[in-house]
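Here is a short report for a reader who is new to this structure. Look over the sequence and the model, then read on.

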Amino acid sequence: MTYCLLLLSAVAVTAAVPVPRLLTRAKWPEREPVVALWVWQCLVATVLLCCLTALALGAAAVFGTVRAQLFAPAPPAVTAAYDLSHASPWTTVLTVLLACGAAWTTAVLARELVEARRRRAGARAHLRDRAPDLPAGLPEGRGPLLVLEEEYPDAWWMPGSPPQLIVTTGALQRLTDHQLDAVLTHEHGHARARHDWLLHLSAALAAGFPRVPLFAHFCEQTHRLVELSADDTASRRCGHLTTALALIELNQHRGVLSCSSSHRLLGERVDRLLEPPPRLGRRHRALTTAAASLVPLVPLLITFAPGLTALP
C-alpha cells in the first residue's frame with residue numbers, strides 16, 4: 001500500500017507541475033484547440049483520480065470501518081496484498097490532507113455553480129428589462145434568439161434553460177449576412193460543446209487552488225482554447241476571411257487590433273484566422289487524443305495492481 005501511495009503522489013505531482021508548463025509552451029494547441037482542450041481535461045482528471053484513489057487507500061488503512069466496507073466483496077488474498085493492517089504516521093497525515101482537499105474541492109465547485117446560477121439569473125433579468133416590448137400574446141425573451149436595441153455590435157450565447165442567443169441591432173446593421181452567419185455559428189459552437197461547464201470547472205479549480213500550476217494554466221488556457229475552437233467551427237462553415245472580418249466588426253469599438261493585454265487574444269484570433277496555422281494530420285490527431293485518454297487510467301492501474309496480482 002505504501003508503494004501505491006508513493007506512485008500516486010508521484011503521478012499527481014508530475015501531472016500538476018511540469019507537464020502543464022511544457023504544454024503551455026507547445027505550439028500545436030493553437031493548431032488543434034479541441035485536442036488541446038481534451039488533453040487539459042485528461043490531465044485534470046488524472047490529478048483528481050490520483051487524489052481520490054490515494055484518499056480511498058489511506059482511509060482504508062487508517063479506519064477499520066472504511067477498510068471493511070471498501071474490501072467487503074474482495075477475497076482475503078486481495079485484502080492481504082494491500083497490507084492495510086497498520087498505517088504509518090505519514091499515511092494518516094496524507095489521508096487527512098487529502099480529505100481536507102476533497103472537501104475544499106467540493107465546496108469550491110458548489111460555490112462556482114451557485115455563483116454561476118446567480119449571475120445568469122441577474123443577466124436574464126437585465127435582458128428582460130432591455131428587451132423591446134412585443135405585441136400582446138407573444139412570449140417576452142423566452143425564444144432561442146433575442147434582439148436588443150443597442151448601437152454597439154455584439155452577440156453572445158447565454159446558457160441555461162432555455163439557452164438564448166443574444167444579438168444587438170448594431171450587429172445586425174454592421175454585419176453582412178455571411179458575417180452574421182459566422183457569428184451565430186461561433187456562438188452555436190460554444191453551446192454545442194458545452195463550453196460553459198468547462199469554464200466553470202476551470203474557474204472553480206483555479207480559485208480553489210491558485211498555487212497549483214495545472215489548475216492555474218487550465219483556467220487560462222481554457223478561456224483561450226474555447227474561443228479558438230469556436231472560431232474553427234465558424235471558419236469551416238463560413239470561411240476564415242469572413243469569420244475574421246466579423247470578429248473585427250464586432251470588436252472594433254473595443255480596440256481589437258490594439259496592443260493592449262486585455263485585447264491581445266482578439267488580435268491573436270484575427271491573425272490566426274487570416275493566416276491559418278498548419279493543422280495536424282488526422283492520424284497524429286487520433287494518436288494524441290488516444291494517448292491523452294489513456295493517462296487517467298494510470299492512477300487506476302496503480303491502485304488496482306496489488307489486487308490484480310493477488311487474484312489466482
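## The chain as a whole

Of the chain's 312 residues, 39% count as buried. The model is a predicted one. The chain has 15 helices and three strands. Its C-alpha trace spans about 75 × 50 × 35 Å along the principal axes.

Take the contacts in the chain with a separation of 6 or more: 68% of them come from residues 24 or more positions apart.

## Helix α4 against helix α11

Start with helix α4 (residues 33-62) and helix α11 (residues 213-238). Their axes come within 8 Å and cross at roughly 155 degrees. Angles over 145 degrees count as roughly antiparallel. α4 and α11 are therefore roughly antiparallel to each other. The crossing in which α4 passes α11 is left-handed.

Which residues make the contact? On the α4 side they are Pro33, Val34, Ala36, Leu37, Trp40, Gln41, Leu43, Val44, Val47 and Leu48. On the α11 side they are Leu214, Phe215, His217, Phe218, Gln221, Thr222, Leu225, Val226, Leu228, Ser229 and Asp232. The residues of this contact of α4 with α11 divide into 15 nonpolar, five polar and one charged.

## Helix α10 against helix α11

Helix α11 also meets helix α10 (residues 195-208). The axes of α10 and α11 come within 7 Å and cross at roughly 160 degrees. α10 and α11 are therefore roughly antiparallel to each other. α10 passes α11 in a left-handed crossing.

From α10, the contact is made by His195, Leu198, Leu199, Leu201, Ser202, Ala203, Leu205 and Ala206. From α11, the contact residues are Phe215, Ala216, Phe218, Cys219, Thr222, His223, Val226 and Ser229. How do the residues of the contact of α10 with α11 divide into nonpolar, polar and charged? There are eleven nonpolar, five polar and no charged residues.

Some α11 residues take part in the contact with α4, among them Phe215, Phe218, Thr222, Val226 and Ser229. Phe215, Phe218, Thr222, Val226 and Ser229 are also named in the contact with α10.

## Salt bridges across the chain

How many salt bridges does the structure hold? It holds twelve. One of them pairs glutamate 32 with arginine 285, with the closest N and O atoms 3.1 Å apart. This pair links distant parts of the chain, 253 residues apart. Glutamate 32 sits in the loop between α3 (28-31) and α4, and arginine 285 in helix α14 (residues 282-294). Is glutamate 32 buried or exposed? Glutamate 32 is buried, with a relative accessible area of 2%. Arginine 285 is partly exposed, at 25%.

Aspartate 232 forms a salt bridge with arginine 272, the closest N and O atoms being 2.9 Å apart. Aspartate 232 is in helix α11 and arginine 272 in helix α13, 40 residues apart. Both aspartate 232 and arginine 272 are buried. Aspartate 232 also belongs to the contact of α11 with α4. A network of salt bridges links Glu32, Asp232, Arg272, Arg279 and Arg285.

## Arginine 269 and its surroundings

Another salt bridge joins glutamate 227 and arginine 269, whose closest N and O atoms are 3.6 Å apart. Glutamate 227 lies in helix α11 and arginine 269 in helix α13 (residues 264-274), so the pair ties together parts 42 residues apart in sequence.

Buried means under 20% relative accessible area. Arginine 269 has 7% relative accessibility, so it counts as buried. What is arginine 269 in contact with, leaving aside its neighbours within four places in sequence? The residues are His186, Glu227, Leu228, Asp231 and Leu247.

## Leucine 97, on the exposed side

Leucine 97 has its place in helix α7 (residues 89-130). Residues over 50% count as exposed. Leucine 97 has 57% relative accessibility, so it counts as exposed. Leucine 97 and leucine 55 are 42 residues apart in sequence. In space, leucine 97 and leucine 55 are 8.9 Å apart, C-alpha to C-alpha.

Conventions
Residues are numbered from 1 along each chain as its sequence is written. This is a predicted model: local features need pLDDT of at least 70, side-chain atom pairs count only at pLDDT 80 or more; totals for chains, interfaces and linings use all residues. Side-chain values use heavy atoms; hydrogens and water are left out. Axes are lines fitted to C-alpha atoms, for helices over the stretch in contact, and angles run from 0 to 180 degrees between N-to-C directions. Helices (H or I, at least four residues) and strands (E, at least two) are DSSP runs, numbered from the N terminus. Angles under 35 degrees count as roughly parallel, over 145 as roughly antiparallel, 65 to 115 as roughly perpendicular and the rest as oblique. A crossing is left-handed if the near helix is turned anticlockwise from the far one by less than a right angle, and right-handed if clockwise. Contact means heavy atoms within 4.5 Å. Ala, Val, Leu, Ile, Met, Phe, Trp, Tyr, Cys and Pro count as nonpolar, Asp, Glu, Lys and Arg as charged, and the others, Gly among them, as polar. A salt bridge is a side-chain nitrogen of Lys or Arg within 4 Å of a carboxyl oxygen of Asp or Glu. Buried means under 20% relative accessible area, exposed over 50%, partly exposed in between (1.4 Å probe, protein chains only).
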